[in-house]
Amino acid sequence: MAVPETQLRRAAWALFWVALREEAPEVLEDLKGLLPLYREAAPAIKVLGVWSWASLERAAGTARVFREVPPHAIPSGWEPVVGRAGQALLHLREALLAWAGRWGLTGPEEPLDAGLQSLALWAADPGLPFGFALVEGVVDKAGPGLEIPPFDPLAEDWAAFEARARERFEAWLRAYRDWAQLQAERPELAVHARWLAFRKRGLSYRQIADGAREPVGEDAVRHGVVRLAKLLGLRM
């Protein structure tokens, strides 16, 4: 049975994020440069409920409309949308698009989603890695981990704990099955993700082939990069 397309694409993105983090950190340092702008926009982000690229697009439209609303007609609590934070939100949208464009990450929404979510996490803790909460279980060579909180007889009875533990175990088993299937059917994904990250750094196909851990030809590198970019929906 072939790996479902949605699962394959999700895994490919996770592997590519890790490859970018390891092989092309300048892409992420460039993104981190938007952190002051994100913090300035934070009050408007909170009011407008921004959590993804799609929600940022909607929020930007709202912010533009509110710029035309007289001050006395602004609802209570929405003042940040028409102030500096609202203006920063509009600039943040443009800055994220420019970042994606600079590094050849245009086409799908995933890079914009990941960029926005990473900025949100960095605003709380700048030490968190890019892709945190986006790659669990997909890139771990040992497969997804299983975590079941210990039984506390003072907090719940055994039946409740068993039901909760069984639900966790079954979810882990499904994730492990998907991981194992991916390892068996598409073991090349991690290598191609690293090649694509090198391309985003500006390396040529020849340079990537010359620096590969295993002997590989330039045409093989090109084919792998193009195939992965097509899967991800990235424009080449």
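Modeller: A residue is called buried under 20% relative accessible area, exposed over 50% and partly exposed in between, with a 1.4 Å probe and protein chains only. Please keep in mind that this is a predicted model, in which local features need pLDDT of at least 70 and side-chain atom pairs count only at pLDDT 80 or more, while totals for chains, interfaces and linings use all residues. Residues are numbered from 1 along each chain as its sequence is written, and side-chain values use heavy atoms, with hydrogens and water left out.

Colleague: Why is glycine 33 called exposed?

Modeller: Glycine 33 has a relative accessibility of 52%, and the label exposed applies over 50%, so glycine 33 counts as exposed. Glycine 33 sits in the loop between helix 2 (25–32) and helix 3 (35–48), where a helix is a DSSP run of H or I with at least four residues, a strand is a run of E with at least two, and both are numbered from the N terminus.

Colleague: What makes aspartate 219 exposed, and what is the label for glycine 233?

Modeller: The relative accessible area of aspartate 219 is 59%, so aspartate 219 is exposed; this residue belongs to helix 11 (residues 218–232). Glycine 233, in the segment after helix 11, has a value of 32% and is therefore partly exposed.

Colleague: Which residues does glycine 233 contact, apart from its neighbours within four places in sequence?

Modeller: Contact means heavy atoms within 4.5 Å, and with those neighbours left aside, glycine 233 is in contact with Arg9, Thr106, Gly107 and Pro108.

Colleague: How many helices and strands are there in the protein?

Modeller: The protein has eleven helices and zero strands. Of its 236 residues, 40% count as buried.

Colleague: What makes a group of residues a nonpolar core, and which residues have the most contacts inside the largest one?

Modeller: A nonpolar core is a set of buried Ala, Val, Leu, Ile, Met, Phe, Trp, Tyr and Cys residues joined through side-chain atoms within 4.5 Å. The largest such core has 65 residues, and Phe16, Leu89, Leu96 and Leu119 have the most contacts inside it. Not counting residues up to four places away in sequence, leucine 89 touches several residues, including Ala41, Ile45, Leu48 and Val50. In soluble globular proteins, nonpolar side chains tend to be buried together.

Colleague: How many aromatic pairs are there, and why is the pair of phenylalanine 16 and tryptophan 17 called tilted?

Modeller: Rings of Phe, Tyr and Trp (its six-membered ring) pair if their centres lie within 6.5 Å, and planes under 30 degrees apart count as stacked, over 60 as edge-to-face and the rest as tilted. By this rule there are seven aromatic pairs. The ring centres of phenylalanine 16 and tryptophan 17 are 5.8 Å apart and their planes are at 35°, so the pair is tilted. Both phenylalanine 16 and tryptophan 17 are buried, and ring pairs link Trp13, Phe16 and Trp17 into a cluster.

Colleague: What separates the C-alpha atoms of aspartate 219 and phenylalanine 151 in space?

Modeller: These two residues are 55 Å apart, C-alpha to C-alpha, and 68 residues apart in sequence.
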